[in-house]
Amino acid sequence: MKEWAGGSRRLPASVLFDSGLALAAAGVSTLLFTELMNAAQPTPPRGMLALGYVLALLHTLPLVARRRFPGTVLGISVVSGLAVAALGMPEILGIAILVAVYSVAAYGDRWVSLAGLAVAEVGSAAVQLTPGRFQTPTVVSNALVFGAAWLLGHFVGRRRAYTARLEQTAELERTRAEQARRAVAEERLRLARELHDVVAHSISVIAVQSGVGAHVAKTQPEEAAKALAAIEATSRAALTELRRLLGVLRQEDEPQGDLAPVPGLADLDGLLAEVAKAGLAVRLQVEGRPAPLPAGVDLSAYRIVQEALTNVVKHAGPARAQVTIRYRDHEVMVEVIDDGRGVAAPTGDGRARVGHGLIGMRERVAVFGGDLEAGPRSDGGFRVAARLPLAAERR
């Protein structure tokens, strides 16, 4: 496993822990060997000291790899301990051999684990059987301690394997759920395309029939009535298919639509009252003569004002806002300004961040071929201004 932080490699915590453990065990073993040798011989031979240090390091430093090669580490530990005993050196076997026994049970395969325990028990008994070391209580106690270390490692290893299986099962379930969701989404898109074609065909039929009805309305009333009947039947069928289309595209957790009319600029008073409850004082100004707007333009203008005021409440802090609606012959313009600290904070290169709200506003304006201006004001605050042409809707 490799981890990267700040462009450089960072060792896993387990490797750092094992490295520290091995260094600590090596330091304790060498110090213990030095003290025991000095106590046994006032001036021990240098060759004997050097060999003892090598065996002490060989006995402890391989613990760095105890998780990856537990059997090998235990084998080196046992062999180095036997060499110390065979050369008549003071015994330096300590916690290192117990860590190796624990590791072979926790990280080794079943047969490697059992073989490691047997090798450790036989090695410990062989060390105790060397001349001057044999003590029956020591042999028995060492065997029990090794067995306890092996059992602890065995239980830890089983627990870790069980946890790994649970995590793998959970990951498989997540993968299957994601694949199922993806398949459902792809099927929905396919059905939506098919239903779109059906609705488009029905609208084409309605357009043709309405043209025929308008052409023969005065000269052939009967034909005009037939055209109207066909328009009625086709429009009802198209409406049914359109509802199916929306049902296919709607997600399971989305609420079902209600029968309430879509909002428009005539509903701004209610919106401003809701914003006032959030602590934002808003003044509404209307220029020009209000006139009925196409439904799409009316809804988009309302949503732009709603999103702009929401951004003021969220990001501008203590502020006041003004909403201006300008009605023109061929367009309607909405403007929302505030005197707060601004909606978008600048990035490191001086540009303003563009949030999802502003992106949504631009998309709404682009549908009708309009323009959107959004940015900080020179005297403080933020300004959003949108122009929505009416000509495209009227055509």
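Some ground rules. This is a predicted model, where local features need pLDDT of at least 70, side-chain atom pairs count only at pLDDT 80 or more, and totals for chains, interfaces and linings use all residues. Numbering starts from 1 along each chain as its sequence is written, and side-chain values use heavy atoms, with hydrogens and water left out.

Confidence next. The protein chain has a mean pLDDT (the predictor's confidence in each residue, from 0 to 100) of 77. In that chain, 78% of residues reach 70 or more. Confidence is lowest in strand E1, residues 3–5, with a mean of 43. It is highest in strand E5, residues 331–338, at 93. Strands (E, at least two residues) and helices (H or I, at least four) are DSSP runs, numbered from the N terminus. Over residues 1–8, pLDDT stays under 50.

Now the sheet. Pairing takes at least two DSSP bridges between two strands. E3 and strand E4 (residues 320–327) run parallel, joined by seven bridges. Leu284 stands opposite Val323 in E4.

Back to the helix. Angles run from 0 to 180 degrees between N-to-C directions, with axes fitted to C-alpha atoms, for helices over the stretch in contact (heavy atoms within 4.5 Å).
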